[in-house]
Amino acid sequence: QVRLEESGGGLVQPGGSLTLSCAASGNIVHVLDMSWYRQTPGKERELVATITFDGTAKYTNSVKGRFTISTDNAKNTWWLHLTSLKPEDTAVYYCSADRVLTETGVHHYWGQGTQVTVSS
């Protein structure tokens, strides 16, 4: 069994910064690809950023230049650094272990979600 533990959400003023973290634990051989998604009420979950095992990162256009995804593969931990935050960044942020290699194969897991609220 694999568990993802998220932390780091909260209330921040426009223009401020936050760092979200996600730690995977359990029966893991490798976490191959990791992502961050976000969701607001009534809308579909949106892919924000992805990083592959070799460190290649991709971002949705609305966060390019403001958010940075990073990872420590040895610790099965990844982060999303959010800067220059805007009210429209307000959402529940979910970490995603897109491809986790375990002894039983490759699986996908979600974190529990953490609320980010950008407001003055």
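Me: Why is Glu5 called partly exposed?

Reply: This is a predicted model, and in it Glu5 has a relative accessible area of 37%. Buried would need under 20% and exposed over 50%, so 37% puts Glu5 in between, as partly exposed.

Me: What makes Glu5 and Arg3 a salt bridge?

Reply: Their closest N and O atoms are 2.8 Å apart. The cut-off is 4 Å between a side-chain nitrogen of Lys or Arg and a carboxyl oxygen of Asp or Glu, so the pair qualifies. As for Arg3, its 55% relative accessibility is over the 50% mark, so Arg3 counts as exposed.

Me: And where does Glu5 pair in the sheet?

Reply: Its bridge partner is Ala23, in strand E3.

Me: How do you know that E1 and E3 are paired strands?

Reply: Two strands pair if there are at least two bridges between them. E1 and E3 (residues 18–26) are joined by six and run antiparallel, so they pass. E3 and E8 also have six bridges, with Leu20 partnered by Leu80 in E8. Another six join E7 to E8 (residues 77–82), where Phe67 stands opposite Leu82.

Me: Why is the link between Cys22 and Cys95 called a disulfide?

Reply: Their sulfur atoms are 2.1 Å apart, and the limit is 2.5 Å, so the pair counts as one. A search of the whole structure finds one disulfide. The pair links distant parts of the chain: Cys22 sits in E3 and Cys95 in E9 (residues 91–102), 73 residues apart. With 50 degrees about the S-S bond, the link is right-handed.

Me: Are those cysteines buried or exposed, and how do you know?

Reply: Relative accessibility is 1% for Cys22 and 0% for Cys95. Both values are under 20%, so both residues count as buried.

Me: Which residues have the most contacts inside the largest nonpolar core?

Reply: Leu4, Trp78, Leu80 and Tyr93, in a core of 29 residues. Strand E9 gives the largest share, five residues. Tyr93 touches residues including Leu20, Tyr37, Val48, Phe67, Leu80 and Val116.

Me: Why is Asp33 with Arg99 said to tie parts of the chain together?

Reply: Asp33 lies in strand E4 and Arg99 in strand E9, so the pair joins parts 66 residues apart in sequence. The contact is 2.4 Å, N to O, which is within the 4 Å cut-off, so it is a salt bridge. Asp33, at 11%, is under 20% and therefore buried, whereas Arg99, at 40%, is partly exposed.

Me: What makes Arg38 buried?

Reply: Its relative accessibility is 7%, which is under the 20% limit, so Arg38 counts as buried. Arg38 forms a salt bridge with Glu46, with the closest N and O atoms 2.8 Å apart, while Glu46 is partly exposed at 30%. Salt bridges with shared partners join Arg38, Glu46, Arg66 and Asp89 into one network.

Me: And how many salt bridges does the structure hold?

Reply: Five.

Conventions:
Residues are numbered from 1 along each chain as its sequence is written. This is a predicted model: local features need pLDDT of at least 70, side-chain atom pairs count only at pLDDT 80 or more; totals for chains, interfaces and linings use all residues. Side-chain values use heavy atoms; hydrogens and water are left out. Helices (H or I, at least four residues) and strands (E, at least two) are DSSP runs, numbered from the N terminus. Buried means under 20% relative accessible area, exposed over 50%, partly exposed in between (1.4 Å probe, protein chains only). A nonpolar core is a set of buried Ala, Val, Leu, Ile, Met, Phe, Trp, Tyr and Cys residues joined through side-chain atoms within 4.5 Å. Contact means heavy atoms within 4.5 Å. Lists of a residue's contacts leave out its neighbours within four places in sequence.
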